[in-house]
Structures are given as C-alpha cells and as structure tokens.
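This briefing covers the structure shown below. The points are grouped by topic.

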Amino acid sequence: MNGDARKTAEALTYLSGFGNEHSSEAVPGALPIGRNSPQRAPLGLYAEQLSGSAFTEPRAYNRRSWLYRIRPSAAHPAFARTDNGTLRTAPFTETAPDPNRLRWNPLPEPEPGTDFVRGLWTLGGNGDATQRTGTAVHLYHANSSMRRVFSDADGELLIVPERGGLLLRTEFGLLHAEPGHVALIPRGVRFRVELLDDVVRGYVCENYGAPFQLPELGPIGANGLANARDFRAPVAAYEDVEGPVEVVNKFCGNLWTATYDHSPLDVVAWHGTHLPYVYDLRRFNVLGSISYDHPDPSIFTVLTSPTDTPGLASVDCVVFAPRWLVGEDTFRPPYFHRNVMSEYMGLIEGAYDAKAEGFVPGGGSLHNMMSAHGPDRETFDRASAAELRPQKVDDGLAFMFETRWPVTLTAQAARAEHLQRAYDDVWQGLERHFGPLH
Ligand SMILES: [Fe+2]
C-alpha cells in the first residue's frame, strides 16, 4: 500500500459545485486576471484552451477550460501504436448482440504489475467512438500504481470504485475516490491513477456522447437527487518533472504512446468548466414513493448524457442507495419489466433488493433492450408475503448504466470464465398462481 499517497489523498481540499466556472492557482499570481490569453501569461507560463464542446454550443452545454502550464501540450513527440490489451472500443462487432439476460462474477485477480490502464477490461458497449455516440462498459482491476499518464480522446470516463481507493492525479489537480464514490475524468484530460490499497477494482462508463450533466428536476423542484454542491473539483496542483514520462493516448479505439521529456501534469493554474470531479454516492438525496407503487428507476438518476431527443439519454448513471420503503399495498422490490433501454448493473457493496443471491460486489448483469427481467423467485415470494411496515433498505449500494442502445459484448466478455452460465435459473420456478373466480 502507498502510505504517502493515502496521506496526500486524505488531506485534499476541493472546490464545490457542478458545472461551475471554477478557477484555481497553485502559485499566487499564476492566473491571469481579466483576460484568458495575455501577451505574456503570468510567471512565464503558457496559456492553452481545452475544449470539451464545440465553441458554439449553448451555454448550458458548453465546456471549456483555460490552462496555464509550464509547457504547452503541443510540446510532444509523435505517438506510436501500442498494445490495446483488454481494452475495446465502439463500434463493437466481435459478437452478435445477445438478447439473453447475462451476469458475471467479478474479474479474476490481476497479474502482478497491472496498472489502471492495463487493468481496463471491456465488457461491451454501443455507438461509435469516431461519431461521438454511445457508451462502453469497462471493468478494471489493478495492483500497481501508474507511472505513465493516460488520456482518452474518445470520451469521458466515469470511474466507479468497488474495491480499494484511488488517488487521481490530473492536469487540474488531485482527486481521492473510494468505493461509494464516482470520479469523472473529462474527455482528453491527462491523469495518472495511484493505488491507495494493494488491489483495486471497479467499473468504468466511457461516455462517447455529450458530457454527463445533472438531470432536470421538473416537479421535484430546485433541490434533490444529486445536489450540485456535493460535486467536488480539484484545486490546482502541478508536477514540475523534467525527464522521460510515458503518455498513453486512447484515440478512436487504439492506444498510442509517446515519451515526453517532461510531465504533462504541469498545469499551475486554470479556470473553466471542462473539469474532473468526484461525487460521494451516499450523498444522493433518494426520492421515492410515499404512497404506493415502486417508482421508475429514473428517479435515481445521478448523471445523464443527453441526446438530441428530449428525455432520451445516451447513457444514465443511476444509483440504488440506502432508502426507506413505505409503499402501501405495493410490491416493493423492482417490478418485472421489459424496457427499450439497456441496463448494465453493478454492485459496489452489500446486496441488491431484487436479487437474493448471485449478484455480488464486483460482478455485474446485463439486461439488453426488451429482455424480460425483474426479481428472482425467492425475492418475489418473500416480497409478496411481507408485512408492509416501513422498511429501511440499507444493506447495499448498487448502480446502473442505462443506455439507449443494446450493449454488444466483446468476445472476452461473451467467453469469460466468470460469465455465469445458469443466470436464467433465477427466474425458474415462478409458479402459476392464477385462479379464475367461479
Ligand atoms: Fe431493469
């Protein structure tokens, strides 16, 4: 375990708020006042704009930051292709889209010396990274801190730790993410993942589409679900490192590498809106029914990547956090359903209220477009007979990446040893109870 990194992580301070125009300087006077690109930037720094949206997108969708750095990002040698390992990118064409309900156990332990990038293992996805549409579902496992620096031109990365803490050193500063948090690295932002525990494991949603934003609240009002102030952005922190640093760039599905003569994490000050952040899922303000029926799970949306069709997300990140169930005359677990959206679910800790067993932390399930699913037989029997007192559900933290298109598996996911071969059995034995009145 990296004790120094943990001390650093636990001492971090943050800027509060989602989508803000934040600013930060690691050295007083490094941030220009009143303009973005003065003739000579302060302290001999280079000014550089990083755009996460087209220049002309509306303000609500516009993302860009100005970085004041020791060297401009342009100061680098040519990139050369390197091995993609177990990382795959849309379009996914290795297998036929599968209508079956599928479930996996956790990834096996990583080989010694596996860093975060090497430990990324793609389950599947949809869309096309070159068209900036769709999403990929990855898992990761690692037992070694990165020495290299990574950036993803194909999309933003929503990292969901399930086991072990991470210290994320980004161009904008440092973030600390533990199981129960989500951390977001925007498209193109360079970062390094250092491990705070011997082995780390978790999930990643790679979002090729529009950046995640908070869902509209409609009649809920001005507060609730994930509150904007609970999103934390880093304060500026930089590395002043001369010497060889490997930088890996994911571009249109392939990994490319170059050896810089300096660290690109050399941003001394910045301001803007295209920023990494971390959010503690336990701060999610869970809303639900206080009369009857189980609400649709959209009520648990943390972040959403919108499309041109109102209400139709490219991908949503949804959390099933501790909450009270009080519905009267109600089947309280998730109902049986078929859905046009496709759902990948993972479990961060504990258990999930629709599955009695087999869905374990670090594992995951995929219920593709229109596949029929819902509670397993044991859960159905129990919930149908339960006495409906107010009940606290607080024995787990599950999440879902829900996407508009079916998730097509990679070959490695379809053939994985840890794919459960008998998942359908959880719905066996649901007996008929129909008895027409005479
Ligand atoms: Fe579902």
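In this predicted model, Tyr68 is in contact with Ala30, Leu31, Ala41, Leu45, Ala47, Val267, Val268, Ala269 and Trp270, leaving aside residues up to four places away in sequence. Tyr68 also belongs to the largest nonpolar core, where Tyr68, Leu158 and Cys317 touch the most other members.

**Nonpolar core**

- The largest nonpolar core holds 99 residues.
- Strand β22, residues 313-320, is its biggest contributor, with six residues.
- The core lies between domain 1 (3-33 + 41-281) and domain 2 (286-418), because both domains give residues to it.
- In soluble globular proteins, nonpolar side chains tend to be buried together.

**Domains and their contact**

- The chain is divided into two parts: domain 1, made of 3-33 + 41-281, and domain 2, made of 286-418.
- Taken over C-alpha atoms, the centres of domain 1 and domain 2 are 26 Å apart.
- Contacts between the domains involve 49 residues of domain 1 and 46 residues of domain 2.
- On the side of domain 1 that touches domain 2, at least two residues each come from β6 (102-104), β7 (120-128), β8 (133-142), β10 (156-163) and β15 (200-207).
- Strand β7 gives the most to that side, with six residues.
- By residue class, the side of domain 1 that touches domain 2 has 25 nonpolar, 16 polar and eight charged residues.

**Strand β25 and its partners**

- Strand β25 covers residues 364-367; Gly364 and Leu366 point one way, Ser365 and His367 point the other way, and all are buried.
- Strands β6 and β25 run antiparallel and are joined by three bridges.
- Trp104 is placed opposite Gly364 of β25.
- Strand β24, residues 342-350, also runs antiparallel to β25, with four bridges between them.
- Met345 has Ser365 in β25 as its bridge partner.

**Annotated position His294**

- The UniProt annotation "active site", from an unreviewed entry, covers His294.
- His294 is located in the loop between β20 (277-280) and β21 (301-306).
- His294 counts as partly exposed because it has 17 C-beta neighbours inside 10 Å, whereas a buried residue would need 20 or more and an exposed one 12 or fewer.
- Leaving aside residues up to four places away in sequence, His294 touches Ser289, Gly327, Thr330, Phe331, Arg332, Pro334 and Tyr335.

Key
Residues are numbered from 1 along each chain as its sequence is written. This is a predicted model: local features need pLDDT of at least 70, side-chain atom pairs count only at pLDDT 80 or more; totals for chains, interfaces and linings use all residues. UniProt positions are given in the numbering used here, feature names are shortened, and annotations may be inferred rather than shown by experiment. Two residues are in contact if their C-beta atoms, placed from the backbone, lie within 7 Å. A nonpolar core is a set of buried Ala, Val, Leu, Ile, Met, Phe, Trp, Tyr and Cys residues joined through C-beta atoms within 7 Å. Domain bounds come from an automatic or database domain assignment. Ala, Val, Leu, Ile, Met, Phe, Trp, Tyr, Cys and Pro count as nonpolar, Asp, Glu, Lys and Arg as charged, and the others, Gly among them, as polar. Two strands pair if DSSP finds at least two bridges between them.
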